[in-house]
Amino acid sequence: MASVESEHPEREPAAPEELDSQPHEPRIHITKGAPWLIDRGRRDRWSAPEFVTKHAVEVRQVGDPVLHAAGRKPRIDKKEIEALVRRMFASMVAARGIGIAAQQIGVPLRVVIIDVDDAGIVAVNPEVEFASAEVEEMSEGCLSVRGLYGMLERPLIARVSALDVTGRKFAFEGERLGAQCMLHETDHTNGVLYVDRLRTRKDLFPVEADEGPADGHTHTEMEKATSG
């Protein structure tokens, strides 16, 4: 689990679940451009139970060939990408995720949603521009690896460039959970799952019943899953 240092050393450190519930600055920021986002209006419509029921599909699981091959850059128009994004978002909501890749719903295209702190970022053909040398061991889960989480090192800061659904280039940066999710999702477009990055399978653990969903992105956020 990512360590958390108290800002008030004289006080007793807060429990992880208390820290998770406290307000914090967004952990993902747009640094270049003004991309098309899943804004509040789209989020409200696409999160509605009837919409999710209609559009969500089952998330593919580890071993499915589509997850283990690099995706292709989309050669489809905005309307088609938006339709894909709607299905991805509904599937992510149904699985209680904070990110998802097109491969996870069986579509071999380089399209991801990154939704840490409701960022609503849709990244087409994402590429990692920067990852800090400073790393931290974090727990990580995946919608495509149900019932397990792993411990692995991730850079504390990352920057990714991509196209939005209209073809405009933009860049965004994340820290800690934000960076972790950005790198996790970009890995998916290259056919890489977090389990492929574990030092040893001894770093893979079952999610206990009282820890929440089996697909938690970080151990302290098991109530919300990441993409695979």
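**A tour of salt bridges and aromatic pairs**

The structure holds 17 salt bridges, each defined as a side-chain nitrogen of Lys or Arg within 4 Å of a carboxyl oxygen of Asp or Glu. This is a predicted model, in which local features need pLDDT of at least 70 and side-chain atom pairs count only at pLDDT 80 or more, while totals for chains, interfaces and linings use all residues. Residues are numbered from 1 along each chain as its sequence is written, and side-chain values use heavy atoms, with hydrogens and water left out.

**Salt bridges**

Select Asp-115 and Arg-43, which form a salt bridge with their closest N and O atoms 2.7 Å apart. Asp-115 lies in the loop between strand 3 (111-114) and strand 4 (121-131) and Arg-43 in helix 2 (residues 40-47), so the pair ties together parts that are 72 residues apart in sequence. Helices (H or I, at least four residues) and strands (E, at least two) are DSSP runs, numbered from the N terminus. Asp-115 is buried because its relative accessible area is 3%, and Arg-43 is likewise buried at 14%; buried means under 20% relative accessible area, exposed over 50%, and partly exposed in between (1.4 Å probe, protein chains only).

Next, select Arg-168 and Asp-164, where the closest N and O atoms of the salt bridge are 3.1 Å apart. Arg-168 is partly exposed at 45%, whereas Asp-164 is buried at 2%.

Move on to Arg-197 and Asp-187, a salt bridge whose closest N and O atoms are 2.6 Å apart. This pair links distant parts of the chain, with Arg-197 in the loop between helix 5 (177-189) and strand 9 and Asp-187 in helix 5, 10 residues apart. Arg-197 is partly exposed at 45%, and Asp-187 is buried at 8%.

**Aromatic pairs**

Rings of Phe, Tyr and Trp (its six-membered ring) pair if their centres lie within 6.5 Å; planes under 30 degrees apart count as stacked, over 60 as edge-to-face and the rest as tilted. By this rule the count comes to 5 aromatic pairs.

Select Tyr-149 and Phe-205: the ring centres are 5.6 Å apart and the planes at 35°, so the pair is tilted. Tyr-149 belongs to strand 6 (residues 148-155) and Phe-205 to strand 9 (residues 204-206), 56 residues apart. Tyr-149 is buried at 10%, while Phe-205 is partly exposed at 31%.

Then select Phe-170 and Phe-172, whose ring centres are 5.5 Å apart with planes at 20°, so the pair is stacked. Both residues are buried.

Finish with Trp-36, Trp-46, Phe-51 and Phe-89, which ring pairs link into a cluster.
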